[in-house]
Amino acid sequence: MNHFDELVTRRRSIRKYHPEIPPDDMIGKMVQAALVAPSPSNTQPIRFIRLKSPHFRDRIREGMAGEQQRLMKVAEEAGRPKWMKNRIKFYNRYMAFIFDAPVLMAVVTVRPKELLVGPEILFGPKLEEIRVMNLHMTAGLSVMNYLLKGEELGIGSCIMSAPLIFLDQAEKMLGLEDMELVCFITSGYPAETAKPIKRKTIDEIYFCK
């Protein structure tokens with residue numbers, strides 16, 4: 001395999017990290033790779049916000065804990081406490097590692113000002129649907145570049161959207177009221193070797209009509 005093929009094939013989600021924090025210039029190279037991802041009309045609406053301050057990590061932790069307690073109460077009132085509580089506890093254990101990750105990044109989208117006014121009368125709600133789809137698609141492309149550059153530099157990462165289930169008004173909590181939080185990304189030097197996973201064959205995903 002050539003370098004690119006090897007890079008995309010070996011990349012895995014890493015959830016265990018060594019405590020050493022990667023140098024800022026390495027993280028900067030990952031963000032630079034994200035920056036050059038394509039976006040509609042080159043609007044570049046994606047922002048990577050590194051949550052260095054313990055204050056914001058604590059706010060996320062507290063916000064998630066409060067929502068988990070609320071859901072536990074819902075489980076009791078629903079008369080299905082065991083099954084629902086086990087599910088809530090599973091999510092809690094699954095997400096706990098984000099607070100100890102050497103690097104915690106919030107990926108957000110900014111609504112481009114030039115797209116705030118447009119031919120809505122002509123195209124109606126469909127235009128808004130496409131705008132949202134474009135924002136999320138652009139975020140995905142940027143995140144992939146970030147992950148692959150990290151892989152090249154020996155830095156493992158994991159995309160986390162599950163915490164958003166347990167966060168109410170996450171943008172306001174992080175002071176991002178004019179933005180939409182898409183996901184979190186944890187990064188650091190891997191302290192685990194992720195097992196290979198089975199992928200579909202090309203014949204299962206590639207069709208001609």
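In this predicted model, Phe90 counts as partly exposed because its relative accessibility is 39%, the class between buried (under 20% relative accessible area) and exposed (over 50%), computed with a 1.4 Å probe on protein chains only. Residues are numbered from 1 along each chain as its sequence is written, and side-chain values rest on heavy atoms, with hydrogens and water left out.

A search of the whole structure returned 4 aromatic pairs, a pair being two rings of Phe, Tyr or Trp (its six-membered ring) with centres within 6.5 Å, counted as stacked if the planes are under 30 degrees apart, edge-to-face if over 60 and tilted otherwise. The rings of Phe90 and Tyr94 are stacked, because their centres lie 6.1 Å apart and their planes meet at 15°. Both residues belong to helix 4 (residues 81-95), where they are 4 residues apart, about one turn of the helix; helices are DSSP runs of H or I with at least four residues, strands runs of E with at least two, numbered from the N terminus. Tyr94 is likewise partly exposed, at 31%, and Phe90, Tyr91, Tyr94 and Phe166 form one aromatic cluster.

Positive phi values occur at Asn42, near 55°, and at Gln44, about 50°, neither residue being a glycine.

Note on methods
This is a predicted model: local features need pLDDT of at least 70, side-chain atom pairs count only at pLDDT 80 or more; totals for chains, interfaces and linings use all residues.
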